[in-house]
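Thanks for coming. I will go through one model, beginning with a single contact and then moving out to the whole chain.

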Amino acid sequence: MVTRVPMTVAGAERLREEVEHLKRVERPRISKAIAEARAHGDLKENAEYHAAREQQSFVEGRIKQLEGELSHAEVIDVAKLN
């Protein structure tokens with residue numbers, strides 16, 4: 001059984017905007033940084049490469065987390081509660 005998470009319309013929109021930003025801005029920026037770091041040669045001792053891969057891991061994890069929260073969200077209208 002999936003537990004629904006109550007969320008306001010504004011809260012859900014903020015999460016959607018963050019997901020879009022991560023996908024459209026951060027992913028391409030990190031991919032470019034990884035490609036540039038690879039061009040520098042030896043990856044074992046390439047701090048730029050390892051930092052970019054760490055950022056990539058963080059961003060992918062955050063996207064997955066946000067999409068999970070949104071998929072379990074029960075959007076509520078606060079105005080109707082009053």
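**A contact at asparagine 46**

A polar atom of the asparagine 46 side chain lies 3.0 Å from the backbone nitrogen of tyrosine 49. A polar contact here is a pair of N or O atoms within 3.5 Å, where one must be able to donate a hydrogen and the other to accept it, and residues adjacent in sequence count only if both atoms are side-chain atoms.

Before going on, the conditions. This is a predicted model: local features need pLDDT of at least 70, side-chain atom pairs count only at pLDDT 80 or more, and totals for chains, interfaces and linings use all residues. Residues are numbered from 1 along each chain as its sequence is written, and side-chain values use heavy atoms, with hydrogens and water left out.

Where is asparagine 46 found? It sits in the loop between α1 (9-39) and α2 (47-71); helices are DSSP runs of H or I, at least four residues, and strands are runs of E, at least two. Asparagine 46 counts as buried because its relative accessibility is 8%, buried meaning under 20% with a 1.4 Å probe, protein chains only. Leaving aside residues up to four places away in sequence, asparagine 46 touches Ala37, His40 and Gly41, with contact meaning heavy atoms within 4.5 Å.

Now the whole chain. The order from the N terminus is β-α-α-β. The radius of gyration, over C-alpha atoms, is 18 Å, well over the 12 Å that the globule rule gives for 82 residues, so the chain is more spread out than a compact globule. That rule is 2.2 Å times the number of residues to the power 0.38. Of the 82 residues, 21% count as buried.

Conventions
Buried < 20%, exposed > 50% of the residue type's maximum accessible area, 1.4 Å probe, protein only.
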